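User: I have a structure open and want to go through it with you. Can we take it piece by piece?

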Amino acid sequence: MNCSTFLLLVLMLVQLRPCCLRVQNHSAQNTDQPFTAVRRVKRGWVWEPLFVTEEQIPVVPAYVGQLKSDLEKHGGNLKYILTGEGAGSIFIIDENNGKIYVTQKLDREKKPFYTLRAEAINRNTQLPVEPESEFIIKVRDINDHEPQFLDGPYVASVPEMSPEGTSVTQVTATDGDDPSYGDSARLLYSLLQGQPYFSVEPKSGVIRMASQMDRETKDQYLVVIQAKDMVGQTGAFSATATVTINLSDVNDNPPKFQQRLYYMNISEGAPVGTTVGKLFAEDRDIGKNAAMKYFIEGDSSDVFDIITNNKTQEGIILLKKTVDYESKRRYSIEAKVVNRYIDDRFLKEGPFEDKTIVKINVEDVDEPPVFTMENYVMEIHEGAVSGSLVGTVTAKDPDNDDRPVRYSIVHGMNLKRLFSIDEHNGTIITTKPLDREIASWHNITVKATEIRNPEKKSEAKVYIQVLDVNDHAPEFAKYYETFVCENAIPGQLIQSISAVDKDDSEEDHHFFFSLAQETTNNSHFTIKDNQDNTAGIFTAKSGFRKEEQFYFYLPILILDNGMPRLTSTNTLTVTVCDCDIEVNTFYCRYGAFLYAMGLSTEGLVAILACILTLLVFFLVIVAIKQQRKKSPFSEKIEEFRENIVKYDDEGGGEEDTEAFDISALRTRTVMRTHKPRKKITTEIHSLYRQSLQVGPDSAIFREFISEKLEEANADPSAPPYDSLQTYALEGTGSLAGSLSSLGSNISDADQSYDYLTDWGPHFKEIAAMYTSHTSLGD
């Protein structure tokens, strides 16, 4: 601990009862006079402040003060006793005179005060003459601690161009000495580095702006602050702290174009939206204070546009409308840039914007021909003779009007067959008459190509409307199926008719209906025009008889209102029906059908009966043939099938003898028992010999089995273990018995197969084979 601060040692007597004891304090000159009398009572202790300085005790033990009772007589009859914190070790008392001594150096920072108790007793009686009293001894501080900046190093920020006196930050140092005694803990702040831009308040440590500073000139400053205790007196301790002060940006700089004049070029063939060029204005500010927006002023804004790239803060000039070298070769636009966010405090410095001039030159390119119109609409009347003029298209080379252009029709061979174009002057004519009722519009594409540079070409749409001509007479709207009953009365409506016309009409179609002149007087029917493009057919007489006349053919004239007017004759067929007054359509159609076939109802019934009889006869014949196809031995075949077991799976190889036991098949009773699988790779030859014994003793069987075995051994794709499984027993319940010789314990010579000939044609081949074998054996 540094011995640079003074500590205060105060002796306090708390709530002393009335006594006559006096506490005296002696200064460094060891005077016996009291330091200060605080309280004195008639009977009780008298206490005064006592002081001792930490770590400044030249002689140990050192005198602190003296306890003195008013009851003490000159004979020294009292004995003083000291108890409490540090009594007997740190503090001792002379029991005869009450003087208190300290035996070691004290540290106020470890323990600032001590609580002690004093008592005076009679030496003779050992009884207290004064009540025990408690007092406190405080340690006086000395300057033994240096100031400390506990929060350093410091970093602060202040907006640039802040006015003088603006507070930046505050630094605070601490001192471990006692602030209530002396100047040991009284600190004084000063600026060692940072003038003339900053200042610091000596007592508070607040750092302030000393002048206005521009971030664009310097954006960071390093300030060193010193703190001294003892108010900066000689011998004081000190400490320093570093403060890094950053100047934050404000929008105090307008944007500036790098050039007063820019030159750019754009091709006349460039499409809308093409980038012409880029502008960039510098702004010394940063962040959002440097955010800019570009504009185009003047009449050029309808041809060019400018947008702002918010990431790069560039102005991008775009083509807003196509340019033509032949029309205008140079444009001059005025571009302006402004700050997006403006600080009103700096408006007095001037407007935060800048302007520049951009000269844009239009570059000439070899352009394709240009039609005078994007789309052409032409008209021609239908039926016009071949070679009739439809219209003319015109295209010119924008680079030079004198350059020749060739015209042609594209898109569709059918259109080329209907129209043709003069390749020199663009005149379109028909190649055959047109029919509006087939197609009322024709859409063709005309191509114009530069003769000197065929790669330069353009196209235009031509829409040709075929105008209508009244060349189609009206006709019935549909086919009418008309019936009239034999008992129809005069004036009865039997049919309503209407008409259609394929032609167009400038006004609504209007049709006029009437009967042909030759049938007007002697007709059985009349017609009434309803004046709404419909007409009604009525009976003029009664007493129709289908036996006399089954059909009536009524010619009807229909006249349209076109120019010129066209008339057509349409025949309405009226069929007489055997009905009362109301027409039954189904029945009338049935009667008309019979009349058309030339049959009566009785004849039709006879024909249907004959057809039905033939159908029944045919079904009977088919049934008989199916019955004859059945075998006479069907019952026996079904009986045999009950005992025949068919095995479609292949054996597991030559070593697989576990699946079927050949020896068991030789007996009439099949016993299926599970046998463990065994390896018989060495018994292939014995199996071969056994296979030779299977079946009748015939050279044909031996030769067949030998050939199959050799083929299997020579075939590399065959499984490695082939085996021949022979099934010698058909079943124990077969009426015919076994057909194999393997199931017999007697030789083939002892068996007779003559009974096979009685089994019919299905067993003819087997009977012949076994019969011949028996004869050979004999």
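User: Where is the place of Asn339?

Analyst: This is a predicted model. In it, Asn339 sits in strand E24.

User: Is Asn339 buried or exposed?

Analyst: Asn339 is buried, at 4% relative accessibility; the cut-off for buried is under 20%.

User: Which side chain joins Asn339 in a polar contact?

Analyst: That of Asp283, at 2.9 Å. Leaving aside residues up to four places away in sequence, Asn339 also touches Asn251, Asn253, Pro254, Pro255, Asn289, Ala290, Ala291, Met292 and Phe352.

User: On to nonpolar packing. How many residues are in the largest nonpolar core?

Analyst: The largest nonpolar core has 25 residues. Leu279, Phe304, Ile317, Val358 and Ile360 have the most contacts inside it.

User: Which strands supply at least two residues of this core each?

Analyst: Strand E19 (261-267), strand E20 (275-282), E21, strand E22 (304-309), strand E23 (314-319), strand E24 (330-339) and E25. The largest share of this core comes from E24, with four residues.

User: And what does Leu279 touch?

Analyst: Not counting residues up to four places away in sequence, Leu279 touches Phe257, Tyr262, Met264, Tyr294, Ile306, Glu314, Gly315, Ile317, Ala335, Thr356 and Val358.

User: Which residues does the second, separate core include?

Analyst: That second core has 24 residues, and Tyr154, Phe198, Ala227 and Ile245 are among them.

User: Salt bridges next. How many in the whole structure?

Analyst: The search finds 13 salt bridges. One of the pairs is Glu85 with Lys111, where the closest N and O atoms are 3.5 Å apart.

User: Why does that pair tie together separate parts of the sequence?

Analyst: Glu85 is in the loop between strand E5 (78-84) and strand E6 (91-93), and Lys111 is in the loop between strand E7 (99-102) and strand E8 (113-122), so the bridge ties together parts 26 residues apart in sequence. Glu85 is partly exposed, with a relative accessible area of 33%, and Lys111 is partly exposed too, at 28%.

User: What does Lys355 meet in a salt bridge?

Analyst: The side chain of Glu297, at 3.5 Å from N to O. Lys355 belongs to strand E25 (residues 353-363) and Glu297 to strand E21 (residues 292-297), so this pair ties together parts that are 58 residues apart in sequence. Lys355 is partly exposed at 33% relative accessible area, and Glu297 is partly exposed at 25%.

User: What about the bridge between Arg406 and Glu423: where do the two residues lie?

Analyst: Their side chains meet at 3.8 Å, N to O. Arg406 is in strand E30 (residues 405-410), while Glu423 is in the loop between strand E31 (419-421) and strand E32 (427-430), and the two are 17 residues apart. Arg406 is partly exposed with a relative accessible area of 37%, and Glu423 is partly exposed at 35%.

User: Which residues do salt bridges that share partners join into one network?

Analyst: Arg215, Glu216 and Asp249.

User: Changing topic to strand E36. Which residues are on each side?

Analyst: Strand E36 covers residues 482-485, with Thr482 and Val484 on one side and Phe483 and Cys485 on the other. All of these are buried, and both faces of the strand are covered.

User: In which sense do E36 and E42 pair, parallel or antiparallel?

Analyst: E36 and strand E42 (residues 567-577) pair in the parallel sense over four bridges. Within E42, Val574 is the bridge partner of Thr482.

User: Now a loop residue. Where is Ser388?

Analyst: Ser388 is in the loop between strand E27 (375-381) and strand E28 (389-392).

User: Buried or exposed, that Ser388?

Analyst: Ser388 is buried, with a relative accessible area of 16%. It touches Ile380, Ile428, Ile429 and Thr430, not counting residues up to four places away in sequence.

User: Last, the overall numbers. How many helices and strands in the protein chain?

Analyst: The protein chain has eight helices and 42 strands. Of its 778 residues, 37% are buried.

User: What share of the contacts with a separation of 6 or more is between residues 24 or more positions apart?

Analyst: In the protein chain, such residues account for 67% of those contacts.

Definitions and conventions:
Residues numbered from 1 in each chain as written. Predicted model: local features only at pLDDT ≥ 70, side-chain atom pairs only at ≥ 80, totals over all residues. Heavy atoms only, no water. Salt bridge = Lys/Arg side-chain N within 4 Å of Asp/Glu carboxyl O. Buried < 20%, exposed > 50% of the residue type's maximum accessible area, 1.4 Å probe, protein only. Core = buried A, V, L, I, M, F, W, Y, C linked by side-chain atoms within 4.5 Å. Contact = heavy atoms within 4.5 Å. Polar contact = N/O pair within 3.5 Å; in protein donor to acceptor, adjacent residues only side chain to side chain. Pairing = 2+ DSSP bridges.
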